[in-house]
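Student: Hi, could you walk me through this one? I'd like to ask things as they come up.
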Amino acid sequence: MYIMIGDNSIVGNHCDSAFTATLESPTLTATARPASQQIYNGSGPSVQAYDAHTNSNTNGTVSTVAGPEFSLLPLLAARHATTGVVLFKRGANNSTLAASDAAFSNGEQGRWAKSHSATEQYGQMTAHLDHAIAQTNSTLQRQVVISGIFVGLGTQDQSVDGGGDAFAAELPQFVQDVRVDLNTRVDGKDLPIIWLQPRLTASGAISSEAQAVRKAIVAQQAQDTQFAIVNQDDIELSSDGLTESANGTITLGTLMSAAFETIALPNC
């Protein structure tokens, strides 16, 4: 099982069925995928074959668009050809790691830091993850092994006064929290984390806050061999200047897979 959590980039607000239907790709299908590519459907709750626009976003911001998992899932499945993979995904538009939701007027959907878990994203994520693991064990009759986490957070933190410092203060603790709370192993290497680095020029970004967010992410990578960064700077954006275009969403998924290949899988 892989976990994917975060903000707008994880939701994927522009990769819709009109776009994916024209791809005519044998692997990036807009219909149900092979059984080796499963996703947790939070509205069931159940684990089922990934079917873009049907179960892409059912946990957090519910929508029919597809996120970067659209192109990431077949690459992950290829890494686990014998067992296949299950993706647990929770994406929430305009969510932050630590910046105060009181600073937002654009539909902000909560903070991910565990210190806010009682009413915001972390607690809801872990509750749904418990369901996903139970469903995988019973429906697929497989023992779940969490193999990595993909995180897209920071873009909204950098658009709030003080958000950069709040992000920097919380990041090391958040990394520690998810490794302790979400891991299924008791030994071996640390759980791999792939982090999407926000653009300095994203719409709404405050330069000083953006620099603080980026500095914190780079510092985490420098001292953590199981933490890798995906640079989003050159990925095509939609006209909103904030979120990836449909094509950019597919590019993001492939870059997330490439980043993961630089990290050692934990020992079983």
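**A chat about the model**

Tutor: Happy to. Let's begin with Glu24: it has a relative accessibility of 75%, so it counts as exposed. Bear in mind throughout that this is a predicted model.

Student: Thanks. Where is Glu24 found?

Tutor: Glu24 is in the loop between helix H2 (17–20) and S2.

Student: And what is its phi?

Tutor: Phi of Glu24 is positive, about 55°, although the residue is not a glycine. Gln141 has a positive phi too, near 55°, and is likewise a residue other than glycine.

Student: Where does Gln141 sit, and is it buried or exposed?

Tutor: Gln141 belongs to the loop between H4 and S5. With a relative accessible area of 70%, above the 50% cut-off, Gln141 is exposed.

Student: While we're on backbone matters, which peptide bond is cis?

Tutor: The one from Gly44 to Pro45, where omega is near -10°. Pro45 is in the loop between S2 and S3.

Student: OK, changing topic to the sheet. In what order do the strands come?

Tutor: The order is S3-S2-S4-S1-S5-S6-S7, seven strands in an open sheet with mixed pairing.

Student: Which strands stand at the edges?

Tutor: Those are S3 (46–49) and S7 (227–231). Each has a single partner strand, so one side of each is left without a neighbour in the sheet.

Student: How many degrees are neighbouring strands turned against each other?

Tutor: On average 25°, with direction ignored.

Student: What about S1 and S5, how many bridges join them?

Tutor: Five bridges, between strand S1 (residues 2–6) and strand S5 (residues 148–152), and the two run parallel. As an example, Tyr2 has Gly148 as its bridge partner in S5.

Student: Which strands does H4 touch?

Tutor: Helix H4 (residues 121–139) packs on the sheet and touches S1, strand S2 (37–41), S3 and strand S4 (85–91). The direction of H4 makes about 160° with that of S4.

Student: And where does H6 pack?

Tutor: Helix H6 (residues 207–222) also packs on the sheet, touching strand S6 (193–197) and S7. Its direction makes about 140° with that of S7.

Student: How do S6 and S7 pair?

Tutor: In the parallel sense, over five bridges. Gln197 stands opposite Asn231 in S7.

Student: What is Gln158 in contact with?

Tutor: Leaving aside neighbours within four places in sequence, its contacts are Pro198, Arg199, Ala202, Gly204, Ala205, Ile206, Glu209, Ala210 and Val213.

Student: Last topic: how much space lies in the largest pocket?

Tutor: About 400 Å³. Of the 20 residues that line the largest pocket, Met1, Thr83, Gly84, Gln143 and Val145 are the closest to its centre.

Student: How does the lining divide into nonpolar, polar and charged residues?

Tutor: The lining of the largest pocket has 11 nonpolar residues, seven polar and two charged.

Methods:
Residues numbered from 1 in each chain as written. Predicted model: local features only at pLDDT ≥ 70, side-chain atom pairs only at ≥ 80, totals over all residues. Heavy atoms only, no water. 1 Å grid on protein atoms, 1.4 Å probe; cavity = no way out; pocket = protein on both sides within 12 Å on 5 of 7 lines; lining within 4 Å. Points joined across faces, edges and corners; volume = space filled by probe spheres on them. Nonpolar A, V, L, I, M, F, W, Y, C, P; charged D, E, K, R; others polar. Pairing = 2+ DSSP bridges. Helix = DSSP H or I, 4+ residues; strand = E, 2+ residues; numbered from the N terminus. Axes fitted to C-alpha atoms, helices over the stretch in contact; angles between N-to-C directions. Contact = heavy atoms within 4.5 Å. Buried < 20%, exposed > 50% of the residue type's maximum accessible area, 1.4 Å probe, protein only.
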